[in-house]
Amino acid sequence: MSEREITKLPPGADLRGWLRRLADSGRLTTPQAGLDLRFEVAATANVLDGTAATFFRAPGGSDTPVVSGLLSQRDWMAESMGVPTAEVARAFGAASEHPIDWVEVPDPACQQVVTRDVDLTTQLPIPTHNEHDSGAYITAGLLIARNPVIGQQNVSIHRLQVTAPDKLGVLLLPRHTLAFLDESAAAGVALEIAIVIGVDPLTLMASQAIVPLGVDELTVSGALRGEPLPVTRCVTNEVRVPADAEIVLEGRIEAAERAPEGPFGEFPQYYGERAERHVVTLDAITTREKPIFHTIVGGGLEHLLLGALPREATFLVELQRRFACVRDVHLSRGGTCRYHLYVQVAGHKPGEVTNVILSALSVHYDVKHVVVVDADVDVHDPMEVEWAVATRFQAKRDLLVVNTAQGSKLDPSTVDGVGSKLGMDATSPLDASEMKFLRIRVPGQEDLTVDGIREAADNTPPVDYF
Ligand code: MN
């Protein structure tokens, strides 16, 4: 690719270019070399979480560096996509709606080094993050599965515990990878997969898009790039992986195989429990010549925001398709960027907020509590949403509870993922008098700024009074 062709792509279309951009702008910290893969890498990444990405040289003495925190601010995600922050959910939603097919390329960077004798315990620097984690985990691996019947691909991130030199324990929640595995089992074959570590930020975000079963999330990455994502065929199976990836683990999942996995520190800030889970068997590792390993620390901002933004985009698309009154949505950090959805509406009809709540609860099982607010409430500010609940919500009138629904298995208050859903209508009653719910406001205040007031200030202390 020529220099000119590269520069037209959004900044997040290339991992190393993105790291250079973070470094050039003081957003990439390189801690002391040789930190321990057990806890030291995660502790350092957590302390810098949200302020800087971290690039760990020689972690645990490994030749391969570890990077973390690539996308730990909403603004950085917008920047990686080349759009204003206010437009980020809308832009991501548009990409999910208009995917662009990938293109196969020869001589991929991700296959510069091919190793068929796999030993994860020595070949990759895989960290152990939290106190009670059962061992080293790959946390930023995009699991790409290929449907054995129709050949379509699915991309998702799963926690992957190193359980043997060539084995990974994997948690498959009831979504697309598991559906593909069921089809494989019915066809009597193993599910062909690849686990891709160290992808560009756009592909990382695209992996979290909530698109229908059968839509390859790599095509959403193409839409975010504005052109087809270059991919290549794995050396031991038919899965197509991003050609510029740092590390690719090629393998398969046998539907009947199980082994103990967990506990592991998850995004809700709790440990996912130990249980018999599916197993990935690896057949090859392919990498760049000097690869970079990416890790996402459970519960950190990178983990939370990666879940939030693509989901917000999907909620916005899905809700606006059904309701003209829906203006904006937000998944709050306090709600683990998954469980609490705030929806802003304007011009809704009697009863419509209830329909919005019921719809929102069904777009993704992770959504547990929905709060609907008016357009005079900043839906991206949890303090504002709480104000609306405090002053416009009456439990007897505005509370909706649905029991025995599918929720998040990682929410410890559920019974194996089954629990209650709750909706709060925190909009002003439609029949209220105009003054009753009018927010107080000082005329002219919106034209003033702190800097403006300071610049125009007299700055003479009123010493004649004290
Ligand atoms: Mn999918």
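1. Strands β20 (residues 340-345) and β21 run parallel and are joined by five bridges; strands are DSSP runs of E with at least two residues, helices are runs of H or I with at least four residues, and both are numbered from the N terminus. Two strands count as paired if DSSP finds at least two bridges between them. Within this pair, Gln344 stands opposite Val373 of β21. Strand β21 (residues 369-373) is largely enclosed by the rest of the structure, because four of its five residues are buried. Buried denotes a relative accessible area under 20%, exposed one over 50%, and partly exposed the range in between, with a 1.4 Å probe and protein chains only.

2. On the basis of the model: it is predicted, local features need pLDDT of at least 70, side-chain atom pairs count only at pLDDT 80 or more, and totals for chains, interfaces and linings use all residues. Residues are numbered from 1 along each chain as its sequence is written, and side-chain values use heavy atoms, with hydrogens and water left out.

3. Leu331 belongs to strand β19 (residues 326-331). At 1% relative accessibility, Leu331 is classed as buried. Apart from neighbours within four places in sequence, its contacts include Arg74, Gly307, Ala308, Phe315, Cys337 and Leu341, where contact means heavy atoms within 4.5 Å. The C-alpha atoms of Leu331 and Pro382 are separated by 9.6 Å, and the two residues are 51 residues apart along the chain.

4. The protein chain is divided into domain 1 (71-296) and domain 2 (323-425); these bounds come from an automatic or database domain assignment. The C-alpha centres of the two domains lie 30 Å apart. At the interface, twelve residues of domain 1 are in contact with 13 residues of domain 2. About 1,100 Å² is buried between domain 1 and domain 2, 70% of it on carbon and sulfur atoms. Buried area here is the accessible area (1.4 Å probe) that two parts lose on being put together, summed over both.

5. The manganese ion is coordinated by Asn154 through OD1, His176 through ND1 and Glu217 through OE, at 2.1 to 2.2 Å. Donors are N, O and S atoms within 2.8 Å of the metal (3.2 Å for Na, K and Ca); water is not among the atoms, so sites may look incomplete. Along the chain, the donors of the manganese ion follow the spacing N-x21-H-x40-E. Asn154 lies in strand β8 (residues 153-157) and His176 in helix α7 (residues 176-187), so this pair ties together parts that are 22 residues apart in sequence. Asn154 is buried, with a relative accessible area of 1%, and His176 is likewise buried, with a value of 13%.

6. Val211 is located in the loop between α8 (201-206) and α9 (217-225). With 6% relative accessibility, Val211 counts as buried. Its contacts, leaving aside neighbours within four places in sequence, are Ser96, His176, Glu217 and Val220; His176 and Glu217 are also among the residues that coordinate the manganese ion. Val211 and Pro108 are 103 residues apart along the chain, and their C-alpha atoms are separated by 27 Å.

7. An open sheet of four strands has the order β1-β2-β3-β18 and mixed pairing. Its edge strands, each pairing on one side only, are β1 (28-29) and β18 (293-294). Strand β3 (residues 66-68) pairs with β18 in the parallel sense over two bridges, and Val66 stands opposite Phe293 in β18. Helix α3 (residues 40-48) packs on this sheet, where it touches β1, β2 (53-56) and β3, and its direction makes about 155 degrees with that of β2. Axes are lines fitted to C-alpha atoms, for helices over the stretch in contact, and angles run from 0 to 180 degrees between N-to-C directions.

8. Strand β9 (residues 160-164) is joined to strand β6 (residues 137-138) by two bridges, and the two run antiparallel. Tyr137 has Gln161 of β9 as its bridge partner. Strand β9 also runs antiparallel to β10 (residues 167-170), with four bridges between them, and Gln161 stands opposite Gly169 in β10. Strands β9 and β10 form a hairpin with two residues between them.

9. Three strands form a further open sheet, in the order β4-β12-β13, with mixed pairing. The edge strands β4 (103-104) and β13 (240-242) each pair on one side only. Three bridges join β12 (residues 230-233) to β13 in an antiparallel arrangement, in which Arg233 stands opposite Arg240.
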